[in-house]
Amino acid sequence: MIRMIMNILWFLLGGLWMGIGWYLAGLIMLVSIIGIPWAKACFVIGTFAFWPFGKEVVRREYVTGRDDIGTGALGFIGNVVWFIFCGIWLAIGHLLAALLNFITIIGIPFGFQHIKLAAICLAPIGKTVVERPDTFLDS
């Protein structure tokens, strides 16, 4: 119940706009054809940006138990390219949303969530979103 309330408040206090930003970046990457691998990461993390409470972003190799193309050297190169073209802009958006949330008392936890998402913006390739079973928001 608390998780649902937090996600609804998050959605209203910046999650909607930043989720749209992630999806827009994904569409731009998809149209470029070369950016299809980045588009998948955008849509996965964009969904997380809409409803982040009760979930977390982890390295994909921790979930699958093995390396793949996105968790190795090519993933690193992909993250550098991503950062130059889209990552920096999404990170700035999340940092501005965090600043706006920190101004209010109710928005402080949402500001911290935006900072976490800004960090994810820097290198999303090789990461995935998983449920957090051990959270106090389950009640």
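Pro52 touches Asn7, Trp10 and Gln113, when residues up to four places away in sequence are not counted; contact here means heavy atoms within 4.5 Å. The residue is found in the loop between α2 and β1 (55-59). With a relative accessible area of 1%, Pro52 is buried, where buried means under 20% relative accessible area, exposed over 50% and partly exposed in between (1.4 Å probe, protein chains only). Pro52 and Met18 are 34 residues apart in sequence, and their C-alpha atoms are 12 Å apart in space.

The model is predicted: local features need pLDDT of at least 70, side-chain atom pairs count only at pLDDT 80 or more, and totals for chains, interfaces and linings use all residues. Residues are numbered from 1 along each chain as its sequence is written, and side-chain values use heavy atoms, with hydrogens and water left out.

The secondary structure of the protein chain comes to five helices and two strands. Helices (H or I, at least four residues) and strands (E, at least two) are DSSP runs, numbered from the N terminus. Read from that terminus, the order of the elements is α-α-β-α-α-α-β.

Ile33 has a positive phi of about 65° although it is not a glycine. At 60% relative accessibility, Ile33 counts as exposed, whereas Pro52 is buried.

Helix α4 (residues 73-103) carries a kink of about 65°, centred on Phe83. The bend at a residue is the angle between axes fitted to the seven residues ending there and the seven starting there. Buried residues of α4 include Gly75, Gly78, Asn79, Trp82, Cys86, Gly87, Leu90, Ala91 and His94. An α-helix has 3.6 residues a turn, so residues three or four places apart point the same way. The buried residues of α4 pack against α1 (2-31), α2 (36-50) and α5 (108-122).

Of the 139 residues, 42% count as buried. Among contacts between residues at least 6 apart in sequence, 75% join residues at least 24 apart.
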